[in-house]
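Me: I want labels checked against their cut-offs. Please keep it short.

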Amino acid sequence: MHDQHRLDEATNFLYPFIDGNEHDAGALIAGLTDSALAKAVESAVLRRTTLESCAPLIRAAGRELARRFTAGGRLFTFGNGGSSTDAATLAALFANPPTAEALPAWSLTADQAVLTALGNDVGFDLIFARQLIARARAGDIAVAMSTSGNSTDLLIALREAHAHGVYTIGFTGYDGGAFAGNPDVDVCLVVRSQSVHRIQESQALLGYELWAAVQAEKAAQ
């Protein structure tokens, strides 16, 4: 019972109306429906405003990425937790698009053997930096995805990449964290929200728009 009470407290902030309506099915369903609709509206508004604020950065990054891809550059993406899956999705979009030119792109979390070996042998903070040292070269692109912009392993990787002529892009949320204003981040795309869920939803759109900008630039070359 004590564990259940703690679980209830931990989830109350998501659905605060449940406690008062747990024995009224109609009211509970209505509350869930209203909550889902409110979140959908919030997400749509945030995605629109984020895209508007980031549009100039996406256009500039699209031009630079297209130039680098044309010159033989490659894209490396990385992140932690849910952001690692978002980074993998972005790499897959570039490497295996449905109806456009495939471009060389890899997620640095794809190889479990490499990832666990580095974590075990040199430390978690270096799992991405060491891969970039081994694989990236001047003219390549590195994209770090985060909701906070404060992860040490991402910051170290961005610093290493930038020092070796790799073009760096940071996706982040909240107020930008340590990514914002960082000299090792060439382009910082900030989703200004306090919700991890909403941040990642908007970042998915930004990633798609970045890919579309690159494809448009390459088509115009």
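Reply: Start with helix H7. Its buried residues pack against strand E1 (75–79), helix H6 (129–135), E3 and E4. Contact here means heavy atoms within 4.5 Å. Helices (H or I, at least four residues) and strands (E, at least two) are DSSP runs, numbered from the N terminus. This is a predicted model: local features need pLDDT of at least 70, side-chain atom pairs need 80 or more, and totals for chains, interfaces and linings use all residues. Residues are numbered from 1 along each chain as its sequence is written, and side-chain values use heavy atoms, leaving out hydrogens and water.

Me: What makes Arg67 and Glu64 a salt bridge?

Reply: The term needs a side-chain nitrogen of Lys or Arg within 4 Å of a carboxyl oxygen of Asp or Glu. Arg67 and Glu64 meet at 2.7 Å, N to O. Arg68 also forms one with Glu64, at 2.6 Å. Arg67 and Glu64 are three residues apart in helix H3, so about one helical turn separates them. Shared partners join Glu64, Arg67 and Arg68 into one network.

Me: Which parts does the pair Asp140 and Arg74 tie together?

Reply: Their side chains meet in a salt bridge at 2.6 Å, N to O. Asp140 lies in the loop between H6 and E3, Arg74 in the loop between H3 and E1, so the pair ties together parts 66 residues apart in sequence.

Me: What makes the contact of Thr109 with Ser107 polar?

Reply: A polar contact is a pair of N or O atoms within 3.5 Å; within protein, one must be able to donate a hydrogen and the other to accept it, and residues adjacent in sequence count only if both atoms are side-chain atoms. The side chains of Thr109 and Ser107 make such a contact at 3.0 Å.
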